[in-house]
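Student: Can we go through this structure together? I want to know what stands behind each label.

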Amino acid sequence: MDQAGSRSLPQLSNALFRLKAASEAAKAPTVVTIVSDETAKYSRTIDVLNALAAAGIENVSFTVNEEE
């Protein structure tokens, strides 16, 4: 969504704020699953977690893509 070097992830953050607002309007929990790529840097995962925290999203899980 955002530039590779962007630490603040403004596009992702905006999408997460909209998701949180839509979930609250529907009186439904906001649930996010992060699908990790084995080549992703840990610092990028932290950037995503920071964006989730800023949006007030606390129900987060992790998974990996398994090759079939």
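Tutor: We take the labels one by one and set each value against its definition.

Tutor: This is a predicted model, where local features need pLDDT of at least 70, side-chain atom pairs count only at pLDDT 80 or more, and totals for chains, interfaces and linings use all residues. Residues are numbered from 1 along each chain as its sequence is written, and side-chain values use heavy atoms, with hydrogens and water left out.

Student: Why is the pair of arginine 7 and aspartate 47 called a salt bridge?

Tutor: The term asks for a side-chain nitrogen of Lys or Arg within 4 Å of a carboxyl oxygen of Asp or Glu. Arginine 7 and aspartate 47 have an N to O distance of 2.8 Å. That is within 4 Å, so the pair is a salt bridge. Side chains of opposite charge can pair when their charged atoms come close.

Student: What makes this pair a tie between parts of the chain?

Tutor: Arginine 7 lies in the segment before helix 1 (10-25), and aspartate 47 lies in helix 2 (residues 42-54). Therefore the pair ties together parts that are 40 residues apart in sequence. Helices here are DSSP runs of H or I with at least four residues, strands are runs of E with at least two, and both are numbered from the N terminus.

Student: Which of the two, arginine 7 or aspartate 47, is buried and which is exposed?

Tutor: Buried means under 20% relative accessible area, exposed means over 50%, and partly exposed is in between (1.4 Å probe, protein chains only). Arginine 7 has 54%, so arginine 7 is exposed. Aspartate 47 has 5%, so aspartate 47 is buried.

Student: What does arginine 44 do with aspartate 47?

Tutor: Their side chains meet in a salt bridge, at 3.6 Å from N to O. Arginine 44 and aspartate 47 are 3 residues apart in helix 2, so about one helical turn separates them. Arginine 44 has 24% relative accessibility, so arginine 44 counts as partly exposed. Arg7, Arg44 and Asp47 are linked in a network of salt bridges.

Student: How many salt bridges are there by this rule?

Tutor: The count is 3. One of them joins glutamate 24 and lysine 20, at 3.7 Å from N to O. Both residues lie in helix 1, 4 residues apart, about one turn of the helix.

Student: What describes two packed helices?

Tutor: The angle between their axes and the distance between the axes. The axes of helix 1 and helix 2 come within 9 Å and cross at roughly 35°. Axes are lines fitted to C-alpha atoms, for helices over the stretch in contact, and angles run from 0 to 180 degrees between N-to-C directions.

Student: What handedness does the crossing of helix 1 and helix 2 have?

Tutor: The crossing is right-handed. A crossing is left-handed if the near helix is turned anticlockwise from the far one by less than a right angle, and right-handed if clockwise.

Student: Which residues of helix 1 and helix 2 meet?

Tutor: Leu12, Ser13, Leu16 and Phe17 in helix 1 meet Val48, Ala51, Leu52 and Ala54 in helix 2. Contact means heavy atoms within 4.5 Å. The residues of this contact divide into 7 nonpolar, 1 polar and no charged. Nonpolar covers Ala, Val, Leu, Ile, Met, Phe, Trp, Tyr, Cys and Pro; charged covers Asp, Glu, Lys and Arg; the others, Gly among them, are polar.

Student: Which residues form the largest nonpolar core?

Tutor: The core has 9 residues: Leu9, Leu12, Leu16, Val32, Ile34, Ala51, Leu52, Ala55 and Ile57. Helix 1, strand 1 and helix 2 each give two or more residues to this core. A nonpolar core is a set of buried Ala, Val, Leu, Ile, Met, Phe, Trp, Tyr and Cys residues joined through side-chain atoms within 4.5 Å.

Student: Why is valine 32 called buried?

Tutor: Valine 32 has a relative accessible area of 14%, which is under 20%, so valine 32 is buried. Valine 32 lies in strand 1 (residues 31-36). Among the residues that valine 32 touches, not counting those up to four places away in sequence, are Leu19, Leu52 and Ile57.

Student: How do you know that lysine 27 is exposed?

Tutor: Lysine 27 has 77% relative accessibility, which is over 50%, so lysine 27 counts as exposed. Lysine 27 lies in the loop between helix 1 and strand 1.
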